[in-house]
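This report describes the strand pairing and the nonpolar core of the structure shown below. Please read the text with the sequence and the model at hand.

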Amino acid sequence: EIFRLNLTAVGITPKAELKRHPSVPTQARPRGERRIVFDDPTQWIATPVYARADLGAGMRFDGPLVVEQLDATTLVPPGATMRVDDTLNLLITV
């Protein structure tokens, strides 16, 4: 005979506290560039490429740009802005 058991559990866990980082006084430099097509398929735009590890709290960038890291690539299109908040999130405004 086969028995089927379903279990649902609900619990309260404390909210994770993220480390806050002070703003850095310098701006990251691109590690290179890529030619990328955005809107016009006949126009390639030289786009700076930044390493995610080089970006610090308080940094702000105007697109276009690329941010590379081991597990993700972030593309900021022309006309958009990106800033790094104090928990090192990348916030993009289009």
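In this predicted model, strand 1 and strand 2 are joined by a hairpin through six residues. Strand 1 covers residues 32–37 and strand 2 residues 44–51, and the two pair in the antiparallel sense over six bridges. Within this pairing, Arg 34 stands opposite Thr 47 of strand 2, while Glu 33 has Pro 48 as its bridge partner in strand 2.

Is Glu 33 buried or exposed? Its relative accessible area is 57%, so Glu 33 counts as exposed, the cut-off for that class being over 50%. Apart from residues up to four places away in sequence, Glu 33 touches Ala 46, Thr 47, Pro 48 and Val 49. The C-alpha atoms of Glu 33 and Tyr 50 lie 8.5 Å apart in space, with the two residues 17 apart in sequence.

Strand 2 also pairs with strand 4: the two run parallel and are joined by three bridges. One of the residues involved is Ala 51, whose bridge partner in strand 4 is Glu 68. These strands belong to an open sheet of four strands, ordered 1-2-4-5, in which the pairing is mixed. Why is one side of strand 1 and of strand 5 left without a neighbour in the sheet? Strand 1 and strand 5 (72–76) stand at the edges and each has a single partner strand, so one side of each has no neighbour there. From one strand to the next, the twist of this sheet averages 30°.

A further open sheet has three strands in the order 3-6-7, with antiparallel pairing. Its edge strands are strand 3 (60–62) and strand 7 (90–93), each of which pairs on one side only. Neighbouring strands of this sheet are turned against each other by 20° on average, direction ignored. Strand 6 and strand 7 form a hairpin with five residues between them, and Leu 88 in the turn has a positive phi of about 70°.

| Strand pair | Direction | Bridges |
|---|---|---|
| Strand 1 and strand 2 | antiparallel | six bridges |
| Strand 2 and strand 4 | parallel | three bridges |
| Strand 3 and strand 6 | antiparallel | three bridges |
| Strand 6 and strand 7 | antiparallel | four bridges |

Two residues of strand 6 illustrate its pairing. Met 82 of strand 6 stands opposite Phe 61, and Arg 83 has Leu 91 of strand 7 as its bridge partner.

In soluble globular proteins, nonpolar side chains tend to be buried together. The largest nonpolar core of this model has eleven residues: Ala 28, Tyr 50, Leu 55, Met 59, Phe 61, Leu 65, Val 67, Val 76, Ala 80, Met 82 and Val 84. Which elements give two or more residues to this core? They are strand 4 (65–69) and strand 6 (81–84).

Leaving aside residues within four places in sequence, Met 59 is in contact with Val 24, Thr 26, Gln 27, Ala 28, Asp 54, Met 82, Arg 83 and Val 84.

Technical notes: Residues are numbered from 1 along each chain as its sequence is written. This is a predicted model: local features need pLDDT of at least 70, side-chain atom pairs count only at pLDDT 80 or more; totals for chains, interfaces and linings use all residues. Side-chain values use heavy atoms; hydrogens and water are left out. A nonpolar core is a set of buried Ala, Val, Leu, Ile, Met, Phe, Trp, Tyr and Cys residues joined through side-chain atoms within 4.5 Å. Buried means under 20% relative accessible area, exposed over 50%, partly exposed in between (1.4 Å probe, protein chains only). Contact means heavy atoms within 4.5 Å. Two strands pair if DSSP finds at least two bridges between them. Axes are lines fitted to C-alpha atoms, for helices over the stretch in contact, and angles run from 0 to 180 degrees between N-to-C directions.
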